[in-house]
Amino acid sequence: MQPPELTGSPAALPVSGDGEYPQLQLDELRMWFMVGGGLFRPPMAVKAVDGVSIAMWKGETLAIVGESGSGKTTLGRVVLRLLEPTEGRLLYAGMDITHAWQRDLMWLRRKAGIIPQDPYSSVNPTFPIYRILEEPLAVHRLGTPEERAEKISRALENVKLNPPDLFQAKFPHQLSGGQRQRVAVARAMILEPEFIVADEPVSMLDASVRISILRLLRQLQRKFGITFLYITHDLATARHFSDRVGIMYAGKLAEMGPVDAVLGEPLHPYTQALIEAIPDPDPENRLRDRPALPGEPPILTAPPPGCRFHPRCPIAKPGLCDVVEPPLRELRPDHLVACHLAS
Amino acid sequence: MPALEVQNLRYHYRTRRGPVRAVDDISFSVEPGKTIAIVGESGCGKTSTANAILRLLPRNVEEYEGKVLLDGQDVMQYSNEEFRQKVRWRGISMVFQGAMNSLSPTTRCGLQIAEPLIVHYDLEREEALAAAREGLKGVGLSEDVAKRFPHELSGGMKQRVVIAMALVLKPKVVILDEPTSALDVMTQANIINLLKNLQRDVRLAYIFITHDLGLASELADDVAIMYAGKIIEIGTAARIYPSPQHPYTQKLIHSVPLLRGESAPDFIPGAPPDLTSVPLGCRFHPRCPVSFKICGWSASDLESFFALRARTEADPGIQKVSAKKFEPKDSWKLVVTPKEGVAPADLAAEIQSLIAFEVAKHPVLRAVEKVHAGTSRVLITLYEARAPELTGDNGQRASCWLLTEEGKQYAAA
Amino acid sequence: MKAAFREALRMKSGLVGLVILASLIIVAIIVPFYAPYDVVKNWSSYDPWQDNPRYAAPEWSEIFSGKHEPRTTFYENASFVREYVVRGYIPPRPPNPALNYTQIRISKSFYWSADDFPSELSIAINATFPFQSPSVTISFSRPDGQNLTLLTYAAKNESRNQTTVVTQKVDYVHDIERSIRAWVAREGVVNSSRITTASIFPQTVLFAQNDSAQLEGRRAHLLKGTYQLSIDYFGFSQRDELSARFGIYGTVFGLAGTDDKRRDLLTGLLWGAPIALAFGVAAGGVVVLIQTLLGALGGWYGGPIDEFIQRAADFYLVIPTLPILILVSLFYRPGIFALLFYLVAFGIVGSTTKVVRSIVLQIKEEQFIEAAQSYGASRGRILFRYIIPRIMPYTFALVALSVPAFIFVEASLSFLGLGDPVLPTWGAIIGEAYTQGALFYGWWWWIIFPSAGIIYTTIGFALLGYAFDKVLNPRLREE
């Protein structure tokens with residue numbers, strides 16, 4: 001199958017030259033929701049994802065970092081085709097799935113999964129763990145009952161819920177938040193997927209539990225070669241648990257690149273501000289103010305013209321930044337920034 | 001003189017499964033214009049401490065005693081009515097966890113802030129609203145926010161409204177319970193800056209409750225680490241952060257993923273204990289990497305250890321094991337029943353050699369003090385478990401056996 | 001679901017509700033042993049109940065009156081004393097022809113010790129004779145020594161068949177009254193002018209003392225002692241036979257009394273329980289289930305389906321069910337199953353639909369639903385296997401709460417006389433009591449017991465449903 005023509009955004013061009021398709025490609029993807037609209041008012045478009053281009057390679061973890069209203073959660077859903085993109089293209093392993101019908105996507109449902117955010121609602125509270133894990137197998141009609149039992153046991157062992165027999169019969173409300181998220185991970189893993197979207201999987205857990213879950217995901221990735229899209233607002237965990245990171249602001253990518261490059265040398269003013277706003281444990285912090293950007297992220301129905309960040313940007317140049325939208329440019333090897341003034 | 005001093009505060013409440021020892025003999029103090037951060041995992045009793053200080057008690061309270069000195073006055077002695085009039089919200093107020101979501105959706109913000117003034121000071125509505133508008137300015141919001149409803153505001157603005165509500169009666173001490181938990185990074189930074197400024201301008205004393213050590217370092221002059229209802233380390237931030245003494249604090253600090261800096265974070269295995277059945281001795285010992293036999297042990301752990309061996313026929317001599325508690329000193333003995341035909345003396349010898357052989361692999365066996373063969377059963381006596389005291393100097397104290405003289409001797413041996 | 005059940009039972013209301021419900025179920029089970037269905041089938045006929053008194057209070061109610069009330073007794077032929085049976089032949093002697101004759105005298109004496117008068121008397125005489133009517137005389141003797149002849153009459157042969165048995169009950173009420181009137185005039189002390197105008201109730205006058213109050217109905221003074229009823233028979237063949245049955249109806253009967261058709265109300269009451277239970281649960285269960293399904297479908301699929309179902313629910317909520325049912329019933333009296341059908345038809349959508357829809361809308365937002373979509377579960381699967389089991393416990397509570405309403409609708413219709421014409425439902429019993437003037441005449445048992453039955457059942461279901469609701473509602477919202 002010939003690789004489809006892409007719009008030329010450097011983020012979407014396959015980087016590897018050996019003919020391998022990226023696991024996932026987004027090409028100027030837009031996801032707009034129409035809301036409101038009454039008798040005399042036209043509906044408004046909430047531009048949750050407004051022109052994002054990304055290529056993800058097999059076996060890597062890409063973190064998408066953004067605050068609320070950046071569109072990262074919507075991006076996670078579009079990538080799994082739980083939503084149909086408004087514009088742009090979505091390719092999975094080279095196949096265009098942008099407008100495929102849901103019933104034609106069952107193969108995708110086997111290969112891609114999601115780990116949701118809220119441990120209280122991420123697993124079905126009325127099912128015992130065994131059934132929760134069996135459901136994906138039942139939906140795809142995989143395996144005899146013995147085979148399924150075997151898979152479920154192994155899945156529970158993989159997420160360190162030992163002994164499996166003990167946990168299988170329990171109900172979610174008998175488990176702690178961290179254990180429930182492990183069940184969510186096991187459920188995502190049970191179909192032996194290639195690609196997983198982890199949507200803030202640890203942000204509602206205690207700080208000490210977060211590391212154990214993220215470590216687990218990393219281990220599973222190395223063992224099974226899974227590609228992860230890790231959506232979070234926490235740059236610090238992104239730093240320790242991903243290979244590349246993309247910073248989203250108001251529905252667009254501001255910066256993207258290898259995680260050490262982006263965090264070591266942030267080129268976009270928003271990334272810089274974000275890094276400065278996060279406190280590391282240091283008792284000297286109390287003696288000074290925390291550098292923070294004033295204002296709020298823009299509302300997605302009417303983003304500012306030009307660069308969306310310009311109203312809050314400390315170095316915004318009138319006449320340029322409020323007029324022209326900056327494209328994503330590769331300023332360092334593999335390190336892309338969408339800013340007129342970055343160097 | 002400290003703005004607030006808490007001495008030997010104890011707060012237990014009853015549940016169907018037993019008494020929850022939420023706050024178990026804690027003491028700390030905070031000076032005016034300074035902050036003490038109470039840091040711990042969820043379920044360690046931090047929010048219960050706040051509720052205990054403000055006397056927000058449910059009906060099933062079992063124990064509630066100690067001293068709470070506000071400006072030198074012991075407010076625990078006050079009646080409920082006195083407390084409500086003089087202390088709650090006027091001397092000490094609180095920003096509750098998730099408060100921005102508990103703002104009443106049908107009342108305008110100005111009125112919500114003004115309410116305590118109308119109730120407590122008997123102010124007229126107009127005066128109270130004027131004071132509320134002043135309060136809004138003080139937290140960096142414009143006055144017309146008073147006319148708006150909470151759902152019209154962003155997360156950061158709502159949190160500022162909540163802070164204004166906490167400050168409206170001009171208290172001396174403010175308890176902040178995870179004040180930024182639902183907020184974005186940028187908004188969080190702005191709110192923290194606001195809190196810092198308010199503290200400087202008004203000389204507020206903060207009790208800052210959080211599980212996030214990074215966030216705590218933004219405000220904390222002193223830090224108290226709580227675990228299972230007790231403060232296990234307390235001291236100045238300047239000493240605790242660089243050199244924590246307690247193994248738990250060490251692990252906690254090490255578990256924070258750093259944005260800058262090299263080390264990879266590590267997690268603490270296991271989970272905090274259920275407050276209805278805390279471990280004996282040092283409450284952290286089941287998860288502690290360096291615990292010794294006097295730190296404490298769990299009788300049920302030992303019981304299951306032997307029971308498992310009995311079940312798997314690893315020790316064919318054991319028929320049944322049960323743990324029995326002896327009052328008053330929290331001492332436990334394991335009663336091991338031998339199988340038919342096995343003499344107790346033989347079984348005792350077998351258990352002795354088992355312990356000597358396996359103690360390296362199973363540190364839980366360190367708790368065994370003595371194995372004694374009776375006429376029909378074998379009695380395993382376990383060490384008495386005592387909780388360690390806070391030891392150290394004025395700048396930093398931790399309750400860990402390894403810091404005491406006794407502990408150091410054990411460690412050497 | 002089990003956990004919710006246990007939690008509900010821990011509450012006092014749930015426990016009481018369950019106890020009530022269990023007791024009703026036990027009644028429903030043992031009822032066929034006390035009064036099998038063929039007895040109930042006879043509810044609408046008269047004959048099986050003939051031996052019961054009319055408007056009789058429950059037997060235990062005599063505790064309140066302090067009097068020892070008389071029970072109903074029937075003296076069968078075998079208990080009559082055959083004083084003599086003479087069969088003879090008188091040869092012809094001009095001008096008299098030959099005469100075959102049979103002369104029989106039977107009598108029954110009984111001791112009256114109750115504190116009250118009987119409610120009715122019944123004398124049934126069965127005479128067998130070939131062709132010529134025999135003469136029958138009924139006489140009555142009292143403890144105070146007075147005797148009177150109640151009636152002399154010629155028995156009629158109704159089938160005109162020479163050898164078949166002829167059965168007759170004694171009518172001739174007016175003749176009996178006339179005899180009694182003459183006797184009172186002769187022996188009593190009552191003013192003779194009053195005798196002609198007062199109505200004579202044989203069951204009281206015959207048992208009343210001969211004083212001025214003798215004709216005052218039940219206010220007369222009772223004469224206790226040994227009475228005797230005698231029947232003298234003169235038949236004109238040698239083959240005549242005579243048997244009699246004498247019944248004294250008491251004033252009390254059974255545990256629940258009787259109604260105007262002499263029916264034992266206990267039968268009706270007990271049978272009312274399983275009928276009410278079955279009807280209420282069937283109607284409630286089916287209606288709530290259908291409404292839940294439609295609400296869930298609407299909430300889950302949204303769009304035009306949802307719009308349609310919601311508007312239908314609005315429409316149904318506005319329709320006045322009971323008046324329409326009444327109108328229908330005026331033309332065509334529905335049996336209990338037809339009534340069930342109508343109620344279900346009127347209850348396809350309703351308030352439960354809206355409630356369930358909003359719950360489903362909430363559950364829709366939960367993240368495991370999204371996760372299910374991501375592993376490929378179809379919409380139908382998610383709805384029927386994940387969402388609906390989640391709301392099942394709540395549905396159960398709604399069923400429990402709606403059962404009383406349906407029982408009440410059925411009772412209302414039966415009360416108005418529009419319900420099932422055959423079955424003894426509680427509402428039907430109350431309805432008949434009302435139209436017969438039970439309140440006016442003071443036949444309290446006829447109204448109180450069926451009403452108590454309805455109230456008891458209603459309370460039972462309401463408590464159980466309420467307890468369930470209290471347990472489930474916050475939980476549903478938390479999760």
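**Exercise 1. Describe the side of chain B that touches chain A: how many residues of chain B are in contact with chain A, and which elements give two or more of them?**

Solution. Start with the count: 40 residues of chain B are in contact with 32 residues of chain A, two residues being in contact if their C-beta atoms, placed from the backbone, lie within 7 Å. This is a predicted model, in which local features need pLDDT of at least 70 and side-chain atom pairs count only at pLDDT 80 or more, while totals for chains, interfaces and linings use all residues. Residues are numbered from 1 along each chain as its sequence is written, and chains are lettered from A and ligands numbered from 1 in the order in which they are written.

Next, assign the side of chain B that touches chain A to elements: α6 (185-202), α7 (213-219), α8 (237-240) and α9 (247-254) of chain B each give two or more residues, and the largest share, seven residues, comes from α6(B). Helices (H or I, at least four residues) and strands (E, at least two) are DSSP runs, numbered from the N terminus.

Finally, sort by class: this side of chain B has 22 nonpolar, ten polar and eight charged residues, where Ala, Val, Leu, Ile, Met, Phe, Trp, Tyr, Cys and Pro count as nonpolar, Asp, Glu, Lys and Arg as charged, and the others, Gly among them, as polar.

**Exercise 2. Work out the strand order of the open sheet of four strands in chain A, and find which strands stand at its edges.**

Solution. The order is β2-β1-β4-β5 (chain A), with antiparallel pairing; two strands pair if DSSP finds at least two bridges between them. β2 (44-56) and β5 (95-96) of chain A stand at the edges, each with a single partner strand, so one side of each is left without a neighbour in the sheet.

For the pairing of β2(A) with β1 (residues 24-35) of chain A, ten bridges join the two antiparallel strands, and Val35(A) stands opposite Met44(A). Helix α1 (residues 72-79) of chain A packs on the sheet, touching β1, β2 and β4 (87-92) of chain A, and its direction makes about 65° with that of β2(A); here axes are lines fitted to C-alpha atoms, for helices over the stretch in contact, and angles run from 0 to 180 degrees between N-to-C directions.

**Exercise 3. Identify the buried residues of helix α13 (residues 367-374) of chain C and the elements against which they pack.**

Solution. The buried residues of α13(C) are Phe368(C), Ile369(C), Ala371(C), Ala372(C) and Ser374(C), a residue being buried if 20 or more other C-beta atoms, placed from the backbone, lie within 10 Å of its own. Their partners come from two chains: α2 (106-111), β6 (112-115) and α6 (177-189) of chain A, together with α12 (351-364) and α14 (379-415) of chain C. After α13(C) comes Gly376(C), whose phi is positive, near 95°.

**Exercise 4. Which residues touch the most other members of the largest nonpolar core?**

Solution. Of the 268 residues in this core, Ile207(B) and Ile225(B) touch the most other members, a nonpolar core being a set of buried Ala, Val, Leu, Ile, Met, Phe, Trp, Tyr and Cys residues joined through C-beta atoms within 7 Å. The element that gives the most to this core is α14(C), with 18 residues. Apart from this core lies another, of 31 residues, including Ile104(C) and Phe207(C).

Terms used
Buried ≥ 20, exposed ≤ 12 C-beta atoms within 10 Å, placed from the backbone.
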